Amino acid sequence: MRNIRHHIIIHGFAILHILATLLSIVWGIADSRLITPLTLLMITVLCMEDSVRFNISAVLMIIGNLAGYFIGMTLMRDVGHLFNTSPAVNEMIGTFITTELIGWGTVLLSWSTGSRFKVKKTEHSHKHYLLSLLIVLFIIYCFRILINILTTNGVLGKYIIYKYLTHYFNNSILLVIIIVASIFVARTIELKIQSTRGKTLFILASIPCISFIAAFGCQASYARTKDLEFPDWFEFIRYFIVGLLLISGLVALLYTIMLSIQTKHDARNTEYKYLSLRNQLSPHFLINSLNVLNGLIASDRKEDAGQYIYKLTDIYQYHLMTEGKHLIPLSEEITNLHNYIDLLNVRFNNSLKVTIDIKPEDLDKSVVPCSIQLLLENAVKHNAATIRNPLEVSITSNDATIQVSNSLIPRFSKPKSTGVGLSYIKEQYKATTGNNIVIEKDDTCFTVILPLI
């Protein structure tokens with residue numbers, strides 16, 4: 001179904017690009033004034049369709065705009081040479097093919113990166129997301145209009161940008177320097193600068209500086225080869241503008257690649273932490289359970305021991321079923337929790353009171369596997385429980401969260417806390433939803449609030 005929507009969006013915008021080109025010819029205006037917003041809007045719609053993160057969407061808009069210009073100019077010229085058609089037909093065919101290439105290139109990037117560039121559910125605000133992308137669209141469009149004004153006033157001719165771009169690519173030493181400088185800028189933006197404001201200021205300072213040096217070097221090299229006047233400031237402006245476009249596109253492309261690699265690395269680290277914590281939890285739970293079972297057998301409570309083994313088997317089966325899963329339906333977690341409570345009652349008799357109040361509509365939502373069980377296990381581990389003063393635990397939901405609270409009854413001998421249980425829950429919720437769990441504590445109560453997904 002999503003593949004069909006991609007076809008509709010891309011082909012639809014390709015047809016709109018042909019109509020925009022035709023209208024620009026009829027009205028006698030620059031085609032970029034109609035085509036540019038259509039291209040940017042197509043990328044915006046595709047990014048929203050695939051829930052691509054905002055920073056990646058903005059980079060794709062920049063790359064798409066630059067690629068659209070250079071590919072479109074090349075195609076218009078090549079179509080004319082191959083088929084000897086009129087300039088109007090060349091423009092319509094060129095803009096159609098360019099739109100298709102940009103559209104499917106955007107989709108291919110989304111497919112190839114999987115979930116690495118996707119917006120997390122908790123981060124997704126359609127209104128804020130769309131507004132931010134429209135602001136980026138407006139800024140890029142204004143920049144494109146500026147280029148259009150320069151091309152119609154003699155500073156840059158129709159094919160001059162393409163011509164000067166070849167000067168850059170023909171200078172291998174300068175091109176290597178530009179690529180190295182662009183890698184440095186992209187790496188600094190991706191790794192060393194955290195704030196959006198800092199990234200913006202760094203981009204505004206670094207890219208023009210590199211473009212200035214590159215323009216000076218390219219003009220000097222070409223002037224020496226062709227025995228031309230140097231310096232020629234009018235020519236320098238042309239070199240600078242083309243260099244600015246080239247380096248901006250290169251930095252945007254490198255930033256996307258580096259971000260993809262870094263995101264994949266972070267995902268692997270998160271998966272390693274998950275498996276590490278999970279491997280610690282299983283022995284931790286098994287050792288506690290076997291200690292309890294040993295106590296039941298030693299006190300000749302054979303019937304209770306048999307019931308304990310039966311419940312323990314069910315719980316371990318649930319652990320095996322959820323192995324490798326990051327989320328599980330709340331209904332399944334609650335079913336397992338009832339088995340665990342029955343297991344605890346074998347051990348504590350009437351000294352543990354657990355109240356569960358879950359809204360029926362919340363049962364279809366998801367939680368981290370074994371998270372509620374671990375919180376109940378921690379409550380039992382760190383508090384005393386007697387028939388006269390039972391440990392009370394309440395588990396309630398309220399649409400967006402599930403709250404696990406237990407009374408605080410200090411023990412005479414405090415067990416050593418490893419913190420594995422809470423660490424597992426924190427890591428899983430942070431990696432899966434981007435949210436932190438909430439921990440509250442006062443003199444009488446300890447509460448953990450988990451988001452419902």
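A salt bridge is a side-chain nitrogen of Lys or Arg within 4 Å of a carboxyl oxygen of Asp or Glu. The model is predicted, so local features need pLDDT of at least 70 and side-chain atom pairs count only at pLDDT 80 or more, while totals for chains, interfaces and linings use all residues. Residues are numbered from 1 along each chain as its sequence is written, and side-chain values use heavy atoms, with hydrogens and water left out.

**Exercise 1. Find the partner of Asp399 in a salt bridge, and say where the two residues lie.**

Step 1. Asp399 forms a salt bridge with Lys359, and the closest N and O atoms of the pair are 3.8 Å apart.

Step 2. Asp399 sits in the loop between strand E4 (391-397) and E5, whereas Lys359 sits in the loop between strand E2 (352-357) and strand E3 (366-367), so that the pair links distant parts of the chain, 40 residues apart. Helices (H or I, at least four residues) and strands (E, at least two) are DSSP runs, numbered from the N terminus.

Step 3. Asp399 is partly exposed, with a relative accessible area of 36%, and Lys359 is partly exposed at 31%. Here buried means under 20% relative accessible area, exposed over 50%, and partly exposed in between (1.4 Å probe, protein chains only).

**Exercise 2. Describe the salt bridge between Glu49 and Arg5, and decide whether each residue is buried or partly exposed.**

Step 1. By the rule given above, the count comes to four salt bridges, and in one of them the closest N and O atoms of Glu49 and Arg5 are 2.4 Å apart.

Step 2. Because Glu49 belongs to helix H2 (residues 32-49) and Arg5 to helix H1, the pair ties together parts that are 44 residues apart in sequence.

Step 3. Glu49 is buried, with a relative accessible area of 18%, while Arg5, at 33%, counts as partly exposed.

**Exercise 3. Work out the surroundings of Ser405.**

Step 1. Ser405 is placed in strand E5 (residues 401-407), and its relative accessibility of 8% is the reason why Ser405 counts as buried.

Step 2. The side chain of Ser405 makes a polar contact with the side chain of Thr447 at 2.9 Å. A polar contact is a pair of N or O atoms within 3.5 Å; within protein, one must be able to donate a hydrogen and the other to accept it, and residues adjacent in sequence count only if both atoms are side-chain atoms.

Step 3. Leaving out residues up to four places away in sequence, Ser405 touches Glu392, Val393, Ser394, Cys445, Phe446 and Thr447, where contact means heavy atoms within 4.5 Å.

Step 4. Ser407 also lies in strand E5, and Ser407 and Cys445, which are 38 residues apart in sequence, are 4.6 Å apart in space, C-alpha to C-alpha.

**Exercise 4. Identify the residues that touch the most other members of the largest nonpolar core.**

Step 1. A nonpolar core is a set of buried Ala, Val, Leu, Ile, Met, Phe, Trp, Tyr and Cys residues joined through side-chain atoms within 4.5 Å.

Step 2. The largest such core has 59 residues, of which Met61, Ile161, Tyr168, Ile178, Ile247 and Val251 touch the most other members. Helix H9 (residues 233-298) supplies the largest share of this core, 14 residues.

Step 3. A second, separate core of 42 residues includes Val380, Val393, Ile409 and Ile437.
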